[in-house]
Amino acid sequence: MEISPDVHWVGVNDTESKFFESLWSIPKGVSLNSYLVLGEKKKTLIDTVNDNYFDEYIENLKRLIDPEDIDYIVINHVEPDHAGSLSKILSIASKASVISSKMGIDFVKYYHQVPFNDISVDDGDKVDLGGKTLKFIMTPCIHWPETMCTFLGDDGILFSGDLFGAFDSIGDEIFDDKIGKDSIYSAKRYFTSILSPYYGSINSALKKLGDLQKPCRVIAPSHGLIYRNDPSFITKLYADLCSGKFEEKVVILYGSMYGNTKVLAEAVSDGVKDKCVKVALFNATYDDPSEILTELWKAPAIAVGSPVYDCYIFPPITNLLELIKVKRIRQRVFGLFGDYTWGGGPLYQLQNKIKELGSEVIGSFVKSQGSPTANNIESAIELGNLLAEKAIKNTKESSALAPVQDPFCPT
Ligand code: FEO
């Protein structure tokens, strides 16, 4: 499918996988976008696809060229959903040179133990294809340290890699002609599941891309829609997601085996609603972790409730707290509640876990023994009131962004 003269989408839609990275649900699949740029002298692939889809991919290429004639393969990002077919392509396109960042070339060698010519590029380097010139822009740590973008200034097309990506297959409708609620949500859910910990690097990249000397008319990411009608839509969405601005809401996460912790969770929810603050209530056993993270990303206040299970916190809650840690969701206020029968001590493990997250616990720890009493319910409502008040205050006064501490991720 043509994006502009001699520039084609040659990607595939992964509709088989249930999970992306074996972790994030993709009920509507995901597209693996690859692009072919045909210069007057050089034929160039921008990224490839997961090698599970190689057969479909090579057919897409054969409709346009003889794959043996490929001169360059640009690898913006080495993760196997994009570079996975590289060994197979190189076995056909034996004269092709692989172009990537210096770290990208190293990573390619870890994954693809085949001989190939390599061209390592740095910020601002250019490759002339004949009538079209590729310029490479280093955008490290989105979300691996080797990542870069490639700009085809002649056509105003930015091949942005994972940056600006989205979940969901795109089928044949590869452009942003009909941006609706679903496509906005798939972009947000992709951001929070995959890229969010690297907000510092994304802000640096947004600034750098804003300084491009030629206009960027099309943003072509490696997943999801190609933005040609309104590329500023996705750059503005990212600027907002990485702004650190909270939204006035409280997210409640709970686990419940027999419904008692659920009663407390609903009472906390009532307490939040009393203050006219938005609330999102999630059952850790049944609700989708990536949807939960999407809701958490801008939440200033979070309530967590667990029963005691084998002298520990209920495992689905532990799992969610680990995801919150991995995704660097910090600087929040937490309220805690839980239910036990003969020993409530393990509930205090929640307090230590919240401290590890770089957040603060507020209010009384609401604990019920067996079925919650009227007093327990009252305490849970009060906790909801307190979290709502904090959500209102912190939305006005605080930032969600903690200083970046990752060694590979410069701000
Ligand atoms: Fe789409 Fe980080 O790979």
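Biologist: In what order do the 7 strands of the open sheet stand, and what is the pairing?

Modeller: Strands of a sheet pair through backbone hydrogen bonds, either parallel or antiparallel. Here the order is S1-S2-S7-S8-S9-S10-S11, and the pairing is mixed. Strands are DSSP runs of E with at least two residues, helices are runs of H or I with at least four, and both are numbered from the N terminus; two strands pair if DSSP finds at least two bridges between them. This is a predicted model, in which local features need pLDDT of at least 70 and side-chain atom pairs count only at pLDDT 80 or more, while totals for chains, interfaces and linings use all residues. Residues are numbered from 1 along each chain as its sequence is written.

Biologist: Which strands stand at the edges?

Modeller: Strand S1 (2–4) and strand S11 (117–121) do; each has a single partner strand, so one side of each is left without a neighbour in the sheet. From one strand to the next, the twist averages 25°, where axes are lines fitted to C-alpha atoms (for helices over the stretch in contact) and angles run from 0 to 180 degrees between N-to-C directions.

Biologist: How many bridges join strand S7 to strand S8?

Modeller: There are 4 bridges between S7 (residues 35–38) and S8 (residues 43–46), and the two run antiparallel. Leucine 36 has leucine 45 in S8 as its bridge partner.

Biologist: Which helix packs on the sheet?

Modeller: Helix H4 (residues 102–111) touches strand S10 (97–101) and S11, and the direction of H4 makes about 125° with that of S10. Residues are in contact if their C-beta atoms, placed from the backbone, lie within 7 Å.

Biologist: Which domains does the assignment give?

Modeller: Domain bounds come from an automatic or database domain assignment; for this chain they are domain 1 (2–241) and domain 2 (249–393). Their centres, taken over C-alpha atoms, are separated by 39 Å. The contact takes 8 residues from domain 1 and 8 residues from domain 2. On the side of domain 1 that touches domain 2, strand S5 (24–25) and helix H5 (181–195) give two or more residues each, and H5 provides the largest share, 4 residues.

Biologist: What share of the contacts in the chain with a separation of 6 or more joins residues 24 or more positions apart?

Modeller: Such residues account for 74% of those contacts. The chain as a whole has 12 helices and 23 strands.

How values were computed:
Two residues are in contact if their C-beta atoms, placed from the backbone, lie within 7 Å.
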